[in-house]
Amino acid sequence: MGYSLFDFIAVLCFFTCWIGYARFARKKAKTTNCIAKCLHQHRIHWMHQLIGREVRVAEAALLANLERNITFFASTTMLVLAGVLTLFAQVERLESVIASIPLTAPPVHLLIQLKLGLLTFIFVMAFFQFTWSMRQYGFLNVMIGATPIDKSGTSKALMEYASQMAIVQDQAAHSYNYGLRSYYFAMAVLSWFFHPLLFIVASLVVVYTLYRREFKSKAVLAITAGMQILDAQKQLTDDKLNAKTGST
């Protein structure tokens, strides 16, 4: 089996891992407690609490911090893209470096360009995701600015409005998450420069790492427990409010 066939299998495995895991995570999040599902519930509680606050400086600070992180990754992605594009003019030197490393596959000029092209594609996609996330957080800021105050918490229309704000924030977080996943899988592509079999192993390791962190990590357990506490507290508050309304 030649290296060309190994390369084809490795690329096929890579895209299967990336696309397959994205679909798997999206479906499993609907039935299993994970970071995406539990944080969505936290965002709903957050936006519901926001309705009753006159001063929303804390929300502005928290959202600014989130946007700052995304801006950092968006600008970093542009720098990485510039570096990858520069390597297209240094393919011969890159080949000599790879050839000097023991146990690596013999470098092929066209194949090196394809690898760089794949990295370029990944970081372009990451940039699109990060910038779209930034825009959606901007939309959320506008919605928060337009939010009326309801200290009683009895307005169903405003509660629904808060839920819609949580959805916008959730979509912004998803875009941010997709951008981060691109970075993870870009790390796997780097191993392709050494050997296609290492590329396959790295792709599987990335999927395992993402699964553990999004579904089985200690952070997920803590976030899930926090979500259940907030749900129970909200149910208790709603019951007291209904009882008070019924008595009057």
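# Salt bridges, a helix pair and a surface patch

Three salt bridges are present in the structure; a salt bridge here is a side-chain nitrogen of Lys or Arg within 4 Å of a carboxyl oxygen of Asp or Glu. This is a predicted model, where local features need pLDDT of at least 70 and side-chain atom pairs count only at pLDDT 80 or more, while totals for chains, interfaces and linings use all residues. Residues are numbered from 1 along each chain as its sequence is written, and side-chain values use heavy atoms, with hydrogens and water left out.

Trainee: Which residue forms a salt bridge with Asp170?

Mentor: Side chains of opposite charge can pair when their charged atoms come close. For Asp170, the closest N and O atoms of the pair are 2.7 Å apart. Asp170 lies in helix H6 and its partner in helix H2 (residues 35–51), so the pair ties together parts that are 127 residues apart in sequence; helices are DSSP runs of H or I with at least four residues, and they are numbered from the N terminus. The partner is Arg43.

Trainee: Are Asp170 and Arg43 buried or exposed?

Mentor: The cut-offs are under 20% relative accessible area for buried, over 50% for exposed, and partly exposed in between (1.4 Å probe, protein chains only). By that rule, Asp170 and Arg43 are both buried.

Trainee: Arg53 and Glu59 meet in a salt bridge too. What relative accessibility does Glu59 have?

Mentor: That bridge is 2.0 Å, N to O. Arg53 counts as partly exposed because its relative accessibility is 32%. Glu59 counts as buried, at a relative accessibility of 2%.

Trainee: And Glu214 with Arg181: how many residues apart in sequence are the parts that the pair ties together?

Mentor: Their closest N and O atoms are 3.2 Å apart. Glu214 is in helix H7 and Arg181 in helix H6, so the pair ties together parts that are 33 residues apart in sequence. Glu214 is buried at 13% relative accessibility, and Arg181 is buried at 6%. The separation asked for is 33 residues.

Trainee: At what angle do the axes of H6 and H7 cross?

Mentor: Two packed helices are described by the angle between their axes and the distance between the axes. Here H6 (residues 156–192) and H7 (residues 196–216) have axes that come within 7 Å; the axes are lines fitted to C-alpha atoms, for helices over the stretch in contact, with angles from 0 to 180 degrees between N-to-C directions. The crossing angle is roughly 155 degrees.

Trainee: Is H6 roughly parallel or roughly antiparallel to H7?

Mentor: The crossing is at roughly 155 degrees. That makes H6 roughly antiparallel to H7, since angles over 145 degrees count as roughly antiparallel and those under 35 as roughly parallel, with 65 to 115 roughly perpendicular and the rest oblique. The answer is roughly antiparallel.

Trainee: Which residues form the nonpolar patch on the surface?

Mentor: Patch members have over 30% relative accessible area and no salt bridge, with like charges joined within 9 Å and nonpolar side chains (Val, Leu, Ile, Met, Phe, Trp, Tyr) within 5 Å. Ile9, one of them, lies in helix H1 (residues 3–28) and is partly exposed at 35%. Together the members have about 390 Å² of accessible area, from the Shrake-Rupley method with a 1.4 Å probe, where for residues only the protein chains shown count as cover. They are Leu5, Phe8, Ile9 and Leu12.

Note on methods:
Helices (H or I, at least four residues) and strands (E, at least two) are DSSP runs, numbered from the N terminus.
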